Amino acid sequence: MTTPDLILTNATVLTVDDADTVAEAVAVTNGTITAVGTATDVGALAGPGTEVLDLEGRTVVPGFVDAHSHVSMGAPFVKHAALAPPPVGDTRTVGDVLRKLHEAADRNRPAPGDWVIGWGYYPDSMDDGGELTAEILDREFPDHRVAVVHVSAHGGVVSTRVLEEHGYVPGVADPDGGTIVRVPGTDRPNGVLWEGAWMPLAFSLLDYGRGEFDAMLAEYARWGMTTVQDGAATWLQVEKVRGFAAEGDLPVDVRSLVIFNELDEAVASGLVDTTVGGHTVQGVKLILDGSPQGKTANVTQEYLTGGPGGQEHWHGIANIDQDTTDAIVTTAYRHGVQVFAHCNGDGAVDQLLAAHRAAKAAGATPPGRTIPIHSQVMRLDQLDDYVAEGFEPSMFTVHTLLFGDTHVANFGEERAFGISPMRSAIDKGLRPSNHSDYPVTPINPLLLLWSSVSRTSTGGVVLGEGERVTPLEGLRALTINAAYEHRTEGDRGSIEVGKLGDLVVLSDNPLDVDVDAIQHIQVLRTIKRGVTVHEAS
């Protein structure tokens, strides 16, 4: 055996292999794990050039695999105003929002007519209700375009200049799959846009350069992420990341999902399933509905609180119709492209299942592991459909913490307590992953792990005690299950000989500490292919 480049020893190594083996040491040679075992046996492999790290009992887990987030959304947002309320941020009032927007403008110094942008805005959790309008933004920033991105990223508030540039003038009809909120008693847009009215504008905000991209990947590495996803990337963004990767290996692997309306371009490029410098074009991303906290998730049973524009008997929004969904899924399957689909509500899940079956009826063969992303306000019978059709859900349990109280108000306890039903999915033999959807919620995988075990809201409500999972199951959702959904379980997601030397050193063992302590565990070191890409100061 070649002498290892790196040995981590005197550790608690949680391998999450099939037997959930716990070891004491791991060796990495040329970027690949070459030994896992006792401190004595692995230590004996060291040579003069081996870096040996004595971890003094700390815990090693596989590099976290990001089941779903948005690199190309997070990268430009790094420099803009972060507007999240507690417990993520400290934005409590409209005054706080405006102050932070001004601070961002002072930092970035946009020229007249350029953008002032904030993200993470969530009025439901703000002390004063957080009501923003175009009129307020116009008054504060008369010389600039302004966009305040809702925490869901499926809506936002913009200034009048932006409304007019997009044709959102008094009397204009709502676009298909979108809502333009009006000034009460009038047909005049008030600045708040959702889904189909918001998305064309949103994608125009996502320009970034190499500096922002590198800062974004460093932030993922800080949280122990060694493989990350760029969900719903435009083809321009895919080509940009590929160009960065071609200049030299990326510090963490990036796997791009091409947005659904550019699938034909992706197929024609021949780049799907190719990898360069740690960048892979993974599959296609459909966006079938919106968010439950924004009241745009497509649900079969109506919202208890009406729609975002005051609509009654509201069921949310289907962003694309069934025929279009059928055609996209059929095209993807015929070209062997893996399908990932944003499905927050049970209506959207039904839509994806119908498209999958229509594709098969048309003679297209599914390439395997179609992924309904979020799988939140779903019915338990749909898990049986997942099993039957070979779907694997990527769930979003941190919603129980950050938006749980809103979900109870919108859906009532029965539906809200079934949000992201991870326990039920595991019991049916599925391999659910768990994700942050960053920048919608923080990257922090230890917070995700805690939320899957605790399911407790900021208001102290347990959203479905019966859907809690064990810490080990929660860890598997962030490592080997996420790799499985990416179809990369052969080379990552667990600590086994022959797999990539992607490892994370934690301050404590998440399987041993009290449940509430899990969220406070620190990432001390992130190792990618045997090389440290983050070390806590």
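In what sense do E18 and strand E19 (residues 338-345) pair, and over how many bridges? In this predicted model, the two strands pair in the parallel sense, with five bridges between them. Within this pairing, Leu-286 is located opposite Ala-341 of E19.

Six bridges link E18 in the parallel sense to strand E16 (residues 253-259), where Val-254 has His-279 of E18 as its bridge partner. Strand E17 (residues 275-276) runs antiparallel to E18 and is joined to it by two bridges; here Val-276 stands opposite His-279. The hairpin of E17 and E18 has two residues between the strands, and Gly-277 adopts a positive phi near 55 degrees. Strand E18 itself (residues 279-287) is largely enclosed by the rest of the structure, because nine of its nine residues are buried.

Most residues other than glycine have a negative phi, and most peptide bonds are trans. The bond from Pro-86 to Pro-87 is cis, with omega near 5 degrees, and Pro-87 belongs to the loop between strand E9 (81-82) and helix H3 (94-108). A cis peptide bond with omega of about 10 degrees also joins Tyr-438 and Pro-439; Pro-439 lies in the loop between strand E22 (433-434) and helix H16 (445-454).

Positive phi values near 50 degrees occur at Asp-20 and at Arg-109. Asp-20, in the loop between strands E2 (12-14) and E3 (22-23), is partly exposed, at 29% relative accessible area. Arg-109, in the loop between H3 and strand E10 (115-121), is exposed, with a relative accessible area of 69%.

How values were computed
Residues numbered from 1 in each chain as written. Predicted model: local features only at pLDDT ≥ 70, side-chain atom pairs only at ≥ 80, totals over all residues. Heavy atoms only, no water. Buried < 20%, exposed > 50% of the residue type's maximum accessible area, 1.4 Å probe, protein only. Helix = DSSP H or I, 4+ residues; strand = E, 2+ residues; numbered from the N terminus. Pairing = 2+ DSSP bridges.
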